[in-house]
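Could you walk me through this protein, strand by strand? Please have the viewer open while you read along.

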Amino acid sequence: MAGFGEMMDFLGSIASGKCIDIVLLDDLESLQVTRVLIEGDAVVENGRASFDLPPFRFLERVTHSVHLGRKLTPA
């Protein structure tokens, strides 16, 4: 794909000066992610993100889109 947009100077292989995203796995059977590098910076170590994300808030029109005509209560 890197060759498609004439981006071979920046993408498509692991080399100095190129953008790089790599996912490292324990093994191919379990697909357990151990490390993720984005543009050469580690963002996941031992399966845990090295950054915090703020809680995602859905729009009210999304979370209140189903109307049953009655209130649900836990069983």
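Predicted model: local features only at pLDDT ≥ 70, side-chain atom pairs only at ≥ 80, totals over all residues.

Residues are numbered from 1 along each chain as its sequence is written, and side-chain values use heavy atoms, with hydrogens and water left out.

Let's begin with confidence. The mean pLDDT of the protein is 80, and 81% of its residues reach 70 or more; pLDDT is the predictor's confidence in each residue, from 0 to 100. Among the elements, helix α1 (residues 60-63) has the lowest mean, 84, and β3 the highest, 89.

The protein has 1 helix and 4 strands, and from the N terminus on they follow the order β-β-β-β-α. Here helices (H or I, at least four residues) and strands (E, at least two) are DSSP runs, numbered from the N terminus.

Now to the sheet. Its 4 strands form an open sheet in the order β1-β2-β3-β4, with antiparallel pairing. β1 and β4 (48-49) stand at the edges with a single partner strand each, so one side of each has no neighbour in the sheet. Two strands count as paired if DSSP finds at least two bridges between them.

You can follow the pairings one by one. β1 and β2 run antiparallel and are joined by 5 bridges; within this pair, aspartate 21 has isoleucine 38 in β2 as its bridge partner. Isoleucine 38 also has a bridge partner in β3, namely aspartate 41. Strand β2 (residues 33-38) and strand β3 (residues 41-45) are antiparallel too, with 4 bridges between them. Arginine 35 stands opposite glutamate 45 in β3, and valine 36 stands opposite valine 44 in β3. These two strands form a hairpin with 2 residues between them, where glutamate 39 in the turn has a positive phi of about 50 degrees.

The last pairing links β3 to β4 through 2 bridges, again antiparallel. Valine 44 returns here, standing opposite alanine 49 in β4. The hairpin of β3 and β4 has 2 residues between the strands, and asparagine 46 takes a positive phi near 50 degrees.

How much of the chain is buried? Buried residues (under 20% relative accessible area, with exposed over 50%, partly exposed in between, using a 1.4 Å probe and protein chains only) make up 9% of the 75 residues. The protein exposes about 7300 Å², and carbon and sulfur atoms supply 57% of it; accessible areas come from the Shrake-Rupley method with a 1.4 Å probe. Of the contacts (heavy atoms within 4.5 Å) with a separation of 6 or more, 0% are between residues 24 or more positions apart.

Finally, return to strand β1 (residues 21-25), where leucine 25 sits. Leucine 25 is partly exposed, with a relative accessible area of 33%. Together with Val23, Leu28 and Leu31, Leu25 makes a nonpolar surface patch of about 400 Å². Patches are made of residues with over 30% relative accessible area and no salt bridge, with like charges joined within 9 Å and nonpolar side chains (Val, Leu, Ile, Met, Phe, Trp, Tyr) within 5 Å; a salt bridge is a side-chain nitrogen of Lys or Arg within 4 Å of a carboxyl oxygen of Asp or Glu.
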